[in-house]
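Visitor: I am new to this structure and would like to learn how to read it. Please show it first.

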Amino acid sequence: MPQKRTKHVRASASPSRRSAGTRPRAASAAPRGGHSKNPIAAGPSAARASRSRAAHRTAPKAAPQRRNAADGSAGEGAHVTLPGGREVLLTRRHFLYGAAGLAALAVLGGGGYAASKAASSSGGGVSTLKVPESAVFTSEDCEQIEDSATVMGLMVAKELPYGSLVWASDDTVAACLMPTDQGRPLSTVGLLSLTSGTVSTVLKQAVGQDEGFEVYDVRACARGMVWAEADILDGLWRVYAAPGDGASIGTPVLLEEGTTDWEMPTLAASGDYAWWQVLPRLDGPKKTEASLLKRAAFGSSQVEEAYSSNGRMCAPPCAVEGGVVITPRADTNGTYYQLTRLDAATAEVTDAVVLPSSMRPLEAGYGPTGFSFAFDAIYNYGDGIKNLGTYVPASPVTVSAPAAPEDDDGKADTSPLRALDAAGAAAYGDAPWFRFPRTPTAPPAWCGKWFMVKSTRAVCGIDPATKRYFTLDVKNGTDDYGDYLASTGSGSRVVTFSNIDYTPLEGDPQKHCLVRVWSPVE
């Protein structure tokens, strides 16, 4: 357990605690309706080009180059600030952590990056995903369903405090990080029932509030909740979890604490376990150490190391139905990222596929057809998967690991994971693929047969089998990002939210976060 430390005395408006942010800049228009082909979010796409991500989008022989406006980039990004001046990362990237402050940027502008590589063939004895361009279709090849209510019905609508953030990874509950109107605590945590719309405040303040900690991130599922707290003045973070039933939680258990040698952990809640991913800070003293995925059963203090990556994992862990998806470095020479699904109960790898050299997924998920992944970069290699956007197989992929392949010396590689990589590359390479050609700002999800993605301002659903899509309506007065996709994984419900600050010509001002729960009607 952590040692008791001297309580810090802070003014409620301490500049080092909450730096002033800026209002979001205007974003491009929402998807245009009334067309049967390609009306989705015309105009520049919203980008997630944070400097740290861009700096590492390099390939062996050419540094990434920012696309200019003529290529469709959207210019500078924008900050979204909660009451009190705290900024929140709407794109779900891990928090930027440091002694000067812990903030999160919603980089809603920006654009893609073009990366080049001399050769895209597999190296280091690893089999990589190869998809021909002819096997990929996009939303431009799909027919629009003009009235989304004919395929997706609104089940629940709930108003939360303006500036709230929402995450959902199953059909029962969503975690809500809700700002307060006071200096301490900065936020509370609530659990939203996806069936009744009831919100239960389960954490009124950080466990370590008396020591200067605040809650900065949270995830939940039907069996429990995991959250991260930080003391930004002393550069400390802690991960807690508690068992729960969707409306209340048990006694919090401290699972891990760290310093600025490590980035703020990213979280997932799946099955009976809390999961968190720990990466060494890029310029810190631990930068050569492995990245780790850890887990603990809800209610237990026993921490397990579920996966170790010799190199930085690329995307945050993503809770999916029955498991968790991560993006570690493949255990081979060179820089290869491996889409990896772990079983929620056993933490065993159940599916894996390696992307071509130096291709870095911004997000990764899993659903009825297998892995999905997103690029915020454009590559001049990779054939069918070289472009910016979100990719998913258009039909189910079945991976059965065959006998172990031979290594570079002609000897059989007895690694079960290497055999699974080879089988995954073959199975996924033979599948037809769908690409949603907008800069990704959220992980994708599945709602029944509909593949759900975040467009520039709206959330869209695509049925890859029938090549049809729809867009959910966006309310007046939403922040620049519009409606945001809160769900990950797959299920029978999907959750969206938008922060609205709007005064109609006739009527009272509206300032709240609108959470909506949807379910297919066909």
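This is a predicted model: local features need pLDDT of at least 70, side-chain atom pairs count only at pLDDT 80 or more; totals for chains, interfaces and linings use all residues.

Guide: Residues are numbered from 1 along each chain as its sequence is written, and side-chain values use heavy atoms, with hydrogens and water left out.

Visitor: How many helices and strands are there in the protein chain?

Guide: Helices (H or I, at least four residues) and strands (E, at least two) are DSSP runs, numbered from the N terminus. The protein chain has 2 helices and 34 strands.

Visitor: In what order do the strands of the open sheet lie?

Guide: Strands of a sheet pair through backbone hydrogen bonds, either parallel or antiparallel. Two strands count as paired if DSSP finds at least two bridges between them. Here 6 strands form an open sheet, ordered S4-S30-S29-S28-S27-S32, with mixed pairing. Strands S4 (143-144) and S32 (489-491) are its edges, each pairing on one side only. Strands S27 (445-447) and S28 (450-454) run antiparallel, joined by 3 bridges; Ala445 has Met452 as its bridge partner in S28.

Visitor: Is Thr369 buried or exposed?

Guide: Buried means under 20% relative accessible area, exposed over 50%, and partly exposed in between (1.4 Å probe, protein chains only). Thr369 is buried, at 6%. Thr369 sits in the loop between strands S22 (363-367) and S23 (370-375). The Thr369 side chain reaches the backbone oxygen of Pro393 at 2.9 Å.

How values were computed:
A polar contact is a pair of N or O atoms within 3.5 Å; within protein, one must be able to donate a hydrogen and the other to accept it, and residues adjacent in sequence count only if both atoms are side-chain atoms.
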